[in-house]
Protein chains: 2
Amino acid sequence: MTVHFHSPLGATSFSDDKMQKVNLYESAQMFCDVYCLLPGQLQKAHTHDDNDKVYQILEGECDVEIGDETQTLEAGELAVAPAGVIHGIKNKSGSPASVLVIMAPHPNFNG
Amino acid sequence: MTVHFHSPLGATSFSDDKMQKVNLYESAQMFCDVYCLLPGQLQKAHTHDDNDKVYQILEGECDVEIGDETQTLEAGELAVAPAGVIHGIKNKSGSPASVLVIMAPHPNFNG
């Protein structure tokens, strides 16, 4: 049964090993994850040819790179990487950070 | 030029007339709006056959209906309406509410 209601901050899971991705929802249309970044952890800059991605900071702060611009975003702020635009995220702060990440369409859905 | 970084709570716009929709980003893949609901305002329950919708509460609280379930969500909580599932939102509280809304794919993009 599909769960329709979520508390993303209650779903966080951190690891000293690397950034963690916690999936809340997925379909052919999108995925909705929570990325959990301890200080220093990151998702390397990369590009998706056909998919948009939204990063929304839930707690803490992260440096978000979109195209040729990088901004430090705090809780409540968001960044959009349109299809074909390079993007990445890094927690350069001293505290854990959680980020809601929605990508559309799902790049590799097996439903 | 596409704006990649947004502060949704800084983009809110309320009207006594009805719920307001403020667009932050749109493409064929998705739209990303902020819905602004004064007390008593709502989006009537409806269905999209081919599009998923995420509601994430940014401030205040709203009653979100997905399928046959309604929950009162507070800031940080979210609800997902998969394609084909009826959904709606109402601010039954006494305070303004703002909601990040992402729909994928965009139902009628004219890019």
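**Figure 1. The four-stranded sheet of chain A.** In this predicted model, chain A holds an open sheet of four strands in the order β4-β9-β6-β7, with antiparallel pairing. Strands here are DSSP runs of E with at least two residues, numbered from the N terminus, and two of them pair if DSSP finds at least two bridges between them. The edge strands, β4 (42-46) and β7 (69-74) of chain A, each pair on one side only. Neighbouring strands of this sheet are turned by 20° against each other on average, direction ignored; the axes are lines fitted to C-alpha atoms, and angles run from 0 to 180 degrees between N-to-C directions. Look for the three bridges that join β4(A) to β9 (residues 87-90) of chain A, two strands that run antiparallel. A:Leu42 stands opposite A:Lys90 in β9(A).

A word on reading these views: residues are numbered from 1 along each chain as its sequence is written, while chains are lettered from A and ligands numbered from 1 in the order in which they are written. As this is a predicted model, local features need pLDDT of at least 70 and side-chain atom pairs count only at pLDDT 80 or more, whereas totals for chains, interfaces and linings use all residues; side-chain values use heavy atoms, with hydrogens and water left out.

**Figure 2. A salt bridge in chain A.** A:Asp63 forms a salt bridge with A:Lys92, and their closest N and O atoms are 3.8 Å apart. The term stands for a side-chain nitrogen of Lys or Arg within 4 Å of a carboxyl oxygen of Asp or Glu. This pair links distant parts of the chain, 29 residues apart: A:Asp63 belongs to β6 (residues 61-66) of chain A, and A:Lys92 to the loop between β9 and β10 (97-104) of chain A. Over all chains, a search of the whole structure finds two salt bridges.

Figure 3. Six strands form an open sheet in the order β1(A)-β8(B)-β5(B)-β10(B)-β3(B)-β2(B), with antiparallel pairing. β1 (5-6) of chain A and β2 of chain B stand at the edges with a single partner strand each, so one side of each is left without a neighbour in the sheet. Further in, four bridges join β5(B) to β8(B), which run antiparallel; there, B:Lys53 has B:Ala81 in β8(B) as its bridge partner.

**Figure 4. Where β9 of chain B finds its partners.** Three bridges join β4 (residues 42-46) of chain B to β9 (residues 87-90) of chain B in the antiparallel sense, with B:Lys90 as the bridge partner of B:Leu42. β6(B) and β9(B) also pair in the antiparallel sense, over four bridges. B:Asp63 stands opposite B:Lys90 in β9(B).

**Figure 5. The interface between the chains.** In all, 33 residues of chain B are in contact (heavy atoms within 4.5 Å) with 33 residues of chain A. The two chains bury about 2,700 Å² between them, 69% of it on carbon and sulfur atoms; this is the accessible area (1.4 Å probe) that two parts lose on being put together, summed over both. In chain B, B:His4, B:Phe5 and B:Leu78 lose the most area to chain A, together 27% of what that side buries. The count between the chains is zero salt bridges.
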